[in-house]
Amino acid sequence: MASELLANVLEWEAQDSEEAIKGIQQGLDDFEAGRFRSFHEFADEQRRKYNLPTD
């Protein structure tokens, strides 16, 4: 039972790491292709989305 649980955890961690690497690579590819926005644009969107104050 313990070995099965450990195997499942290790499989999950490997899958999680693979997904993280894919996400990072996608972000780098987007940046190189010019698909990005400034921090100011991101911050403005988050303020609107979550109804946050400007300061």
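In helix H2, what separates Phe39 and Phe42?

Reply: Being three residues apart in helix H2, Phe39 and Phe42 are separated by about one helical turn. A helix here is a DSSP run of H or I with at least four residues, and such runs are numbered from the N terminus. The model is a predicted one, in which local features need pLDDT of at least 70 and side-chain atom pairs count only at pLDDT 80 or more, while totals for chains, interfaces and linings use all residues. Residues are numbered from 1 along each chain as its sequence is written, and side-chain values use heavy atoms, with hydrogens and water left out.

The rings come next. Two rings of Phe, Tyr or Trp (its six-membered ring) pair if their centres lie within 6.5 Å, and the pair is stacked when the planes are under 30 degrees apart, edge-to-face when they are over 60, and tilted otherwise. By this rule the count comes to two aromatic pairs. In one of them, Phe31 and Phe36 have ring centres 4.8 Å apart and planes at 35 degrees, so this pair is tilted. The other joins Phe39 and Phe42, whose centres are 6.2 Å apart and whose planes stand at 45 degrees, again a tilted pair.

How open these residues are is judged by relative accessible area: buried means under 20%, exposed over 50%, and partly exposed in between (1.4 Å probe, protein chains only). Phe39 counts as exposed because its relative accessibility is 64%, whereas Phe42, at 35%, counts as partly exposed. Phe31 and Phe36 are both exposed.

Further along helix H2 lies Asp44, which is partly exposed because its relative accessible area is 24%. The side chain of Asp44 makes a polar contact of 3.0 Å with the side chain of Arg47. A polar contact is a pair of N or O atoms within 3.5 Å; within protein, one must be able to donate a hydrogen and the other to accept it, and residues adjacent in sequence count only if both atoms are side-chain atoms. Ser17 lies 27 residues from Asp44 along the chain, and their C-alpha atoms are separated by 31 Å.

In the segment after helix H2 (39-50) comes Asn51, whose phi is near 50 degrees, a positive value in a residue other than glycine. Most residues other than glycine have a negative phi. Asn51 is exposed because its relative accessible area is 70%.

Key:
Helix = DSSP H or I, 4+ residues; strand = E, 2+ residues; numbered from the N terminus.
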